[in-house]
Amino acid sequence: MTKYTYSDKKDTRSGFGDAITELGNQNEKVVCLTADVTGSVKMGTFAKQHPERFFNVGIQEANMIGMAAGFSLEGKIPFASTFAEFISGRVYDQIRQSVAYSEKNVKICASHSGLTVGEDGATHQALEDIGLMKMLPNMVVINPCDYNQTKAATLAIAQYEGPVYLRFGRPKVPNFTPDNQVFEIGKGIQLNEGNDVSIFATGHLVWEAIQATEKLESEGIHVDLINLHTIKPLDANMVIDSAKKTGAVVSCEEHNRLGGMGESISGLLAQNQPTPQEFVAVNDVFGESGTGEELMHKHGLDAEGIYKAVKRVLAKK
Amino acid sequence: MANLADYLPQVRRDIVRMVHDVQSGHPGGSMGTVEFFTALFHKIMDINPENFKINSTGEDVFLLSNGHITPVYYSTLARRGYFPISELSSFRRLGSRLQGHPSVHDGLPGIRIASGSLGQGLSVALGVAQGKKINNDKHLVYTLHGDGELQEGQIWEAVLYAGAKKVDNLIATVDYNNAQIDGKVDDVLSLGNLRAKFEAFNWHVIDIKEGNNLDAVIAGLEEAKNQTGKQKPVAVLLHTKMGYGVDFMQGDYHWHGKPFNDVQRDQALAQLKETLGDY
């Protein structure tokens, strides 16, 4: 298989922040909003360079979403960002009515998503946001895997007209995707080709899936490994073709099994290519305090958990 | 060019007929704010109905935050030339652009944001207002809210923000009729001294005591315009009567969301002169 390497570990939120800094200089239409977490979501440089286009609304997430919708009416491209839980569940009705149903060009940028927030515990660990957002008509849902991809995705959604939910996180993770990549919304990325099992991974789980794939390949199990950075619209052709080829599927995400990417895949396949599937995801429980690594391991969201899931699904073939 | 006063009974006729035709909708708040809508759309705002764009740059903007009073909103928009008056007959029907609550989905001219779930319009207006400042657009942003709607927490986030950040190209009007679905606002959850509350949040407050007197409403809104650009957002407390214009509706909160039966429709229409032609 292709050997994936990295020279450094970086946080995906910094990919977002560095792209925002670039966008600020490239595109006068870009305005940024945050709710008292400027540094945490890496908007500090934009704020310094473009104070007239930067709006720290204070701790008012609902007001922030409405304001973002309003900016779009004046031709702006608003990027609103805070922690994933506070920009999804807390403001679901505002997003539903003022953004999604109103078809507004608002970029909802969710940092600190998933279990890897770690020590802050369950109140801050958004594990339902993919489900909440994918259920909204008009909403695009993207969960890039590393720094470079998050940066590319941020630049790409500025060019896309319509509401987007961009999900990223806090921990430093291997930065292995090319720094010059062009991000295509809705287009999965084939990381390895094989005929025995399909692994579809998103976000932080993509690197773990690569590690699992290396081990499986060394045992002679050939993995079709795909990075599904866009959960909605799902790359239906790629998913169906891969499942047809392998006859066994494992989905991997840092999210509740209920409502996650795995269910999008199983729903698609149930209609088009019924296929046994295992879900590497949080099994309908809240998170808790701990290091990100400990929590991911506890819930089986790592290379070892993915490896075991592959063994389970292969037994069903 | 119609006499401005001619719109008042005609828009009320439209409201009665639209709600009766489909046996649903919200006539009470609609009837009470006819003078406000007429003043705003025919006199106060600088707008471009013939060439409506979702992008609001270059004109005044109105956002309806209490989205349920679509009957008065749609009638006013149609009679101001945003879309054909005949389309009012499609109100709330399958396939209509005139959804029960405002929607942009079907491209109805005049609508820029969905509303209905209460409390969101002032936040949207803040984005528009600050966008206009960035664009160096001197036009103003207007909103309308129900007084019951002010019980929503998001309203007070926006009120705090607007005052603290001196968003002074914004005029937020409250339909101050002391009525909501379950009864009087004072009984359900009193707003207390509303003027004092807005003032405490650094707003300039104007009372329009006769909210169902067209001249008074025009004068009050002109005064509100004069108060913009002075480092404070402007709140207008528009004292209206729910159901104004039809004797058996006036001041009765039960008419918030109740349709007319045939007899009530006839009684209501008998009190409202057909001045500009029914749809």
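This is a predicted model: local features need pLDDT of at least 70, side-chain atom pairs count only at pLDDT 80 or more; totals for chains, interfaces and linings use all residues.

Author: Residues are numbered from 1 along each chain as its sequence is written, while chains are lettered from A and ligands numbered from 1 in the order in which they are written.

Reader: What does the C-alpha trace of chain A span along its principal axes?
Author: The spans are about 60 × 40 × 35 Å.

Reader: And how many helices and strands has chain A?
Author: Chain A has 11 helices and 14 strands. These are DSSP runs numbered from the N terminus, with helices (H or I) of at least four residues and strands (E) of at least two.

Reader: Into which domains is chain A divided?
Author: Domain 1 covers 9-174 and domain 2 covers 189-314; the bounds come from an automatic or database domain assignment. Their C-alpha centres lie 25 Å apart.

Reader: How many residues of each domain are in contact with the other?
Author: In chain A, 27 residues of domain 1 are in contact with 30 residues of domain 2, contact being defined as C-beta atoms, placed from the backbone, within 7 Å. On the domain 1 side, α5 (129-134), β6 (140-142), α6 (147-159) and β8 (172-174) of chain A each supply at least two residues.

Reader: Let us turn to the open sheet of five strands. What is its order?
Author: The order is β9-β11-β10-β13-β14 (chain A), with mixed pairing; strands pair if DSSP finds at least two bridges between them. β9 (189-192) and β14 (277-282) of chain A stand at the edges with a single partner strand each, so one side of each has no neighbour in the sheet.

Reader: Which helix packs on the sheet?
Author: Helix α11 (residues 303-314) of chain A does, touching β10, β13 and β14 of chain A. The direction of α11 makes about 155° with that of β14(A); axes are lines fitted to C-alpha atoms, for helices over the stretch in contact, and angles run from 0 to 180 degrees between N-to-C directions.

Reader: How is β10(A) joined to β13 of chain A?
Author: The two strands run parallel and are joined by four bridges. A:Ser198 has A:Val249 in β13(A) as its bridge partner.

Reader: I am curious about A:Ala201. Is this residue buried or exposed?
Author: A:Ala201 counts as buried because it has 29 C-beta neighbours inside 10 Å. A residue is buried with 20 or more other C-beta atoms within 10 Å of its own, exposed with 12 or fewer, and partly exposed in between. A:Ala201 lies in strand β10 (residues 197-201) of chain A. Leaving aside residues up to four places away in sequence, A:Ala201 touches A:Val206, A:Ala209, A:Asn227, A:Leu228 and A:Cys252.

Reader: Finally, how many residues of chain A and chain B does the contact take?
Author: The contact takes 24 residues from chain A and 27 residues from chain B. On the chain B side, α5(B) gives the largest share, 10 residues.

Key: Two residues are in contact if their C-beta atoms, placed from the backbone, lie within 7 Å.
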